[in-house]
Amino acid sequence: GGSWKGIDYIRVKPTSVANPRTEGQVNQRNKFTATLEYLQPNREFVNVGYKSFATKKTAFNAAMSFVLNNAVSDAPDFMIDYSTALLSKGGLSKPLNPTADLSIPGEVTFSWGDNSDEGNANTTDKAMVLVYNPLKKDSIFILDGAERMVGSQTIFIPATYSGEVVELFMAFVSKNGKVSNSVYLGSGTAA
């Protein structure tokens, strides 16, 4: 027995392991694998983005649950729908009209409108930007970027990304740790 994050549990060693590999089990494992491959390189981003959901589970587990239930296509493809696969989930005001420019080799510049006078947005909210390379299963991100009122943040990416398709995401985090839902800015080819 033991306790983890306030949850008491007891473990039992199984007498035998039955693994019939039914179609349903294989499909669930493949769905789980696709989600894990997407979230693993984005773990640090997710840990900030799902921090408020880390009650009796980790932020990463909260993100796994959300993506599994909302952003993975059905069998046999199990593709991630990046537009619904939130890397950050919260009530802070989202970026206004975000865009990304990939025209300069080795960098991506994210831009957005200053909506710090709307809703619960503040001028001091910090940009969280992420460039995900699904081919390499790798991400480059900034968790404490430019303030909302600045309107842009440049992130440097490895030269090895050149010519490869990357997926682009952005969110905001406030001084007190509240976050916005992440926004998917689409995909592009790194210069």
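Trainee: Asn120 is found in the loop between strand 4 and strand 5. What makes a run of residues a strand or a helix?

Mentor: Helices (H or I, at least four residues) and strands (E, at least two) are DSSP runs, numbered from the N terminus. The model is predicted, so local features need pLDDT of at least 70 and side-chain atom pairs count only at pLDDT 80 or more, while totals for chains, interfaces and linings use all residues. Residues are numbered from 1 along each chain as its sequence is written, and side-chain values use heavy atoms, with hydrogens and water left out.

Trainee: Why is Asn120 called partly exposed?

Mentor: Its relative accessibility is 37%. Buried means under 20% relative accessible area and exposed over 50%, with partly exposed in between (1.4 Å probe, protein chains only). Asn120 therefore counts as partly exposed.

Trainee: Which residues does Asn120 touch beyond its sequence neighbours?

Mentor: Not counting residues up to four places away in sequence, Asn120 touches Gly91, Leu92, Ser93 and Asp125, where contact means heavy atoms within 4.5 Å. Gly91 is 29 residues away along the chain, and the two C-alpha atoms are separated by 8.4 Å.

Trainee: How do you know that strand 3 and strand 4 pair?

Mentor: Pairing requires at least two bridges found by DSSP. Strand 3 (residues 96–101) and strand 4 (residues 107–113) have 4, in the antiparallel sense. One of these strand contacts sets Leu96 against Gly113 in strand 4. The two strands form a hairpin with 5 residues between them, and Gly106 in the turn has a positive phi of about 80°.

Trainee: What is the order of the strands in the open sheet?

Mentor: The order of its 4 strands is 6-5-8-9, with antiparallel pairing. Strand 6 (138–142) and strand 9 (183–189) are the edge strands, each pairing on one side only. Strand 5 (residues 126–133) and strand 6 pair over 5 bridges, and Tyr132 stands opposite Ser139 in strand 6.

Trainee: What makes a set of residues a nonpolar core?

Mentor: Its members are buried Ala, Val, Leu, Ile, Met, Phe, Trp, Tyr and Cys residues joined through side-chain atoms within 4.5 Å. The largest such core has 29 residues, and Tyr38, Leu39, Tyr50, Val67 and Leu87 have the most contacts inside it. Helix 3 (59–70) is among the elements that each supply at least two residues, and helix 3 gives the most, with 8. A second, separate core of 17 residues includes Trp112, Val129, Val131 and Val166.

Trainee: Which residues line the largest pocket?

Mentor: A pocket is, on a 1 Å grid over the protein atoms alone, an open set of points where a 1.4 Å probe fits, with protein on both sides within 12 Å along at least five of seven lines; lining residues have an atom within 4 Å of a point. The lining is Ala34, Glu37, Tyr38, Phe78, Met79, Ile80, Tyr82, Tyr132, Pro134 and Lys137. Helix 1 supplies the largest share, 3 residues.

Trainee: What sets Phe78 and Lys137 apart in phi?

Mentor: Most residues other than glycine have a negative phi, and most peptide bonds are trans. Phe78 has a positive phi near 50°, and so does Lys137. Phe78 is found in the loop between helix 3 and strand 3; Lys137 is in the loop between strand 5 and strand 6. At 9% relative accessibility Phe78 counts as buried, whereas Lys137, at 40%, counts as partly exposed.

Trainee: How do you know that the bond between Ala75 and Pro76 is cis or trans?

Mentor: Omega is about 5°, and the bond is cis. Pro76 also lies in the loop between helix 3 and strand 3.
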